[in-house]
Amino acid sequence: MRLVSTALRDVKPTRFVLHPLFRLPLRFSQLCARDAWPSAREYGKHFQRCYFSATSLSKSEDPIDILLSRVSDNAPVIRRVPAKEQKQKQKLFLIQETKLFGKWRSLLTEPFRLAVESDFDRRGPAKEWRSQLLVDKFENRTDLALWSCLLDYQKRINGDVGVQNVWKGLWGRKSLYDVQSPLAPVFWQTILEAAMRSSDSKFLTTVWIYSEWMYNLHGVKWPQLYSTVLSHFLRTHQHHQALQWQLRLTPNFYPGAEKFATIMKQFAHDSELYHTPTLESLYIMNPDHQLYDIIVPHLYNLGASEVARKWRRICSRHDDLPQAPVPVRSFLRFVQGYFPHEPLHPEESAAAGDSDFELTEDAKQVDISREFVNRVHGGTFGISVKKYNDRLGAKWLASSWVGLDIAISTISALGIEQIGPLSLQSIALREGTSEGLLNRIEQLREQSISIIESNYLRLVLHLAKIKDEELLSDLLNCDLHPDVFDDSELQARLVVSTAKSEEWRTHRLVLATRLLVMRESTRDVANTLARIYILHKDRNGLLRLLHDMKTMEITLYDTQTGLLFDNLVNEAKSTLLPPESLYFYLSIYQQLMSMEVPVPVRCWRKILFCLARQGRIDDLEKACVELVDTFTSPRSSRPGFVPVHPEDIPEPMKKPLSGVKNLLGVYVPSDLPTQTPLHPLRQIFDNKMLGTIVRCSFHSLLNRESRVTPALRIHHQHPREFYAGRVVRLIRRLRDRGLFVDRERLATYVKLRLVTLYGPGYPTKRTWQVIRARNTLSLAEMKSLLDEAWGEDFLPPTEELREQIETRGQKIAVRNWKYLQEMGKTTPQLRVVL
């Protein structure tokens with residue numbers, strides 16, 4: 001689109017702008033003081049006019065693509081704006097076709113006459129006008145085109161004040177109620193938007209009263225009154241006004257359940273509207289409760305699962321339950337998995353795909369399908385089993401007199417577990433769109449019906465995922481049999497023959513197939529090379545390969561990732577993993593996470609245990625922070641979601657994925673609370689992990705630092721130099737980044753270590769005996785350092801802390817003494833340890 005500025009005088013426009021880009025500097029109040037009005041030629045020197053003009057355009061240009069933004073003789077050329085951006089800008093302007101003004105088109109270029117005719121109270125330019133105003137003539141009283149001319153003029157010259165002046169003139173006459181004219185939508189919408197922007201609340205009230213007059217006397221409704229007013233107050237967070245206008249407009253101007261659902265869907269993710277129950281109140285007062293299937297899956301797909309759960313509870317309380325199971329199924333399975341304590345309504349359970357019964361532990365599960373029964377009957381009566389005929393199935397699925405849902409359900413009821421490419425082609429042709437086709441493939445998978453692997457299937461899926469509708473349509477409607485796409489020799493000949501005959505559609509399809517096959521072979525080679533690097537533990541080579549695969553968007557097979565994960569678990573039988581192996585797996589796992597390939601919880605736990613017990617505090621800090629940020633502030637290709645390894649998702653979400661090939665991960669909403677028991681972060685940083693990190697931090701500190709830190713320098717220690725303090729500070733950072741941390745439990749772990757250092761008696765383990773003997777910090781100094789690391793008071797006051805240590809220490813001392821008696825040993829003496 002080209003934006004230009006051209007000097008205009010009194011040129012008749014082809015398109016008209018009601019909202020100018022620039023406010024005109026000269027108002028008619030200045031001209032009213034003059035004794036004589038300027039001529040049309042002089043008038044053009046003082047006034048600037050803004051138009052969308054369609055004169056002298058090329059055929060490739062849309063009429064509204066050229067914006068005459070400012071009327072001046074030396075206006076600069078404005079930059080070219082992309083078409084997508086132009087479409088967004090068009091929504092900001094209310095545009096009228098000049099030809100729609102009919103006989104009043106010439107009036108548009110007469111500003112003096114427009115100023116007179118729009119002076120309804122005759123206090124300005126019309127004060128000396130001796131003739132009757134046009135709007136007061138009987139034949140023009142209901143002429144919407146005339147009123148649109150006057151409204152346009154006042155809007156361009158005086159903005160919203162001018163619109164209000166026109167409204168006052170219209171309000172006093174009450175002669176206009178036309179909502180069918182092509183000019184009507186823009187006319188009424190301009191007045192309504194000005195009323196909502198006005199600081200005078202009476203403006204909008206009079207609009208409502210006028211709309212009631214239109215409806216009661218003439219049976220017509222003000223266009224978009226309900227949706228515009230309600231959306232405005234919701235957008236500006238005026239909660240009281242939104243509820244008040246909902247009550248006012250619902251009796252006569254309620255637009256229906258679908259439009260109301262659209263409004264609620266538009267603002268459902270606005271957190272400000274939940275500080276007060278504005279949306280919930282609007283829903284309760286609404287006469288139609290049909291929001292479940294619309295708003296709940298919409299919010300879940302945005303990653304707002306907490307708000308989606310809130311709306312599920314609201315809708316369920318008002319018997320608003322899912323009618324279509326497919327849109328809400330993934331959300332309901334998510335709720336079943338992560339929030340099993342939330343009971344579902346029977347209709348919700350049915351939509352989630354739950355069975356009405358459960359097998360007992362001793363019951364033997366037998367897959368009795370329609371096909372199984374047919375085989376039994378066939379064996380009895382000597383009838384051989386017939387395989388699925390892809391051609392016949394394709395005709396059945398293509399039959400227009402049978403719905404596609406019924407056709408697929410029939411195939412499933414017959415026990416058919418796999419269909420061919422011709423059947424896929426029939427389904428795709430009937431569905432028509434990429435999104436619809438992907439939904440149908442998902443439906444087949446849920447019915448346990450797979451599709452025979454072929455290049456045709458891969459090409460269809462690839463085009464559907466990238467939403468190349470044109471090439472997908474060419475593929476589905478071409479004359480080539482699906483088997484052709486698996487014959488590389490025939491494809492090579494087709495490339496040459498279609499190029500010679502200039503059959504470019506077929507040529508493109510064959511080239512796309514060969515490119516896809518080439519990508520498949522590249523993926524196979526890359527994965528084979530990755531396996532070699534994994535087996536040889538070539539960290540640099542594997543990192544370079546994974547980086548290249550990420551750049552080229554090549555998928556890693558689950559066999560390679562499974563090898564990486566299993567090797568770590570098998571090798572790290574204990575936490576004494578060699579440093580080269582530890583850093584090999586750590587760096588590879590971090591690279592996998594950047595590729596959105598999730599790493600199982602069990603692997604991260606092994607890595608963190610090794611880092612903590614080997615005292616590698618720097619690497620532990622970095623790994624923990626990156627891990628928490630991955631789940632709380634994800635940057636995935638699906639906004640609002642984070643990938644989780646399939647073995648770490650709940651069983652209700654795992655069951656439907658049993659037949660999916662090369663499943664590397666499942667996307668879960670990132671707003672899932674980290675205190676949820678099955679949240680990956682809660683599983684990684686459980687009580688055992690936090691206790692181990694705290695214990696090892698004290699061990700590392702006192703075993704290293706106390707050797708080189710004289711008692712006189714204790715007061716100058718900083719938490720950065722203090723291992724236990726670094727760990728406490730690390731856990732505080734993780735909590736601030738979104739990790740759920742039970743502060744009381746964490747303090748308990750720290751107190752247990754303090755009991756070992758300051759409690760009565762003496763530790764039974766030799767390692768802690770040495771650590772206690774070398775400790776030069778007093779309890780007050782230790783508490784001060786830990787409080788500073790946490791950022792506020794972390795432990796109770798020193799005296800209270802000393803009492804707690806003494807009490808707990810007495811119990812531990814008694815238990816240790818009994819243990820030593822059973823082992824036939826005596827309590828160690830401090831002088832012996834030293």
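Let's start at the surface: Asp 483, Asp 486, Asp 487 and Glu 489 gather there in a patch of negative charge. Patch members have over 30% relative accessible area and no salt bridge, and like charges are joined within 9 Å. For nonpolar side chains (Val, Leu, Ile, Met, Phe, Trp, Tyr), the joining distance is within 5 Å. Asp and Glu count as negative, Lys and Arg as positive; His and the chain ends are not counted. The charge is placed at CG of Asp, CD of Glu, NZ of Lys or CZ of Arg.

A word on the source. This is a predicted model, where local features need pLDDT of at least 70, side-chain atom pairs count only at pLDDT 80 or more, and totals for chains, interfaces and linings use all residues. Residues are numbered from 1 along each chain as its sequence is written, and side-chain values use heavy atoms, with hydrogens and water left out.

Asp 486 sits in the loop between α22 (469-477) and α23 (488-501). Helices (H or I, at least four residues) and strands (E, at least two) are DSSP runs, numbered from the N terminus. Asp 486 has 41% relative accessibility, so it counts as partly exposed. Buried means under 20% relative accessible area, exposed means over 50%, and partly exposed lies in between (1.4 Å probe, protein chains only). The areas come from the Shrake-Rupley method.

Next, aromatics. How many aromatic pairs does a search of the whole structure find? It finds 26. Rings of Phe, Tyr and Trp (its six-membered ring) pair if their centres lie within 6.5 Å; planes under 30 degrees apart are stacked, over 60 edge-to-face, the rest tilted.

Take Trp 188 and Tyr 210. Their pair is tilted, at 6.2 Å centre to centre and 40° between the planes. Trp 188 is in helix α6 (residues 184-197) and Tyr 210 in helix α7 (residues 201-218), 22 residues apart. Both Trp 188 and Tyr 210 are buried.

Now Tyr 300 and Phe 331. This pair is edge-to-face: 5.6 Å centre to centre, 65° between the planes. Tyr 300 is in helix α12 (residues 292-301) and Phe 331 in helix α14 (residues 325-338), so the pair ties together parts 31 residues apart in sequence. Tyr 300 counts as buried because its relative accessibility is 4%. Phe 331 is buried too, at 0%.

There is also a cluster. Ring pairs link its members, among them Trp 167, Trp 171, Trp 188, Tyr 210 and Trp 222.

Last topic: salt bridges. The structure holds 27. Each is a side-chain nitrogen of Lys or Arg within 4 Å of a carboxyl oxygen of Asp or Glu.

Glu 431 and Arg 440 meet at 2.8 Å, N to O. Glu 431 is partly exposed at 25% relative accessibility; Arg 440 is buried at 14%.

Glu 621 and Arg 729 meet at 4.0 Å, N to O. Glu 621 lies in helix α29 (residues 617-632) and Arg 729 in helix α33 (residues 723-736), 108 residues apart. Glu 621 is buried at 12%, while Arg 729 is partly exposed at 26%.

Glu 792 and Arg 732 form a salt bridge at 3.3 Å, N to O. Glu 792 lies in the loop between α36 (779-790) and α37 (798-823), and Arg 732 in helix α33, so parts 60 residues apart in sequence are tied together. Glu 792 is partly exposed at 35%. Arg 732 is buried at 17%.

One network to finish: salt bridges link Glu 306, Arg 309, Arg 312, Arg 313, Glu 342 and Glu 348.

Terms used:
Accessible areas come from the Shrake-Rupley method with a 1.4 Å probe; for residues, only the protein chains shown count as cover.
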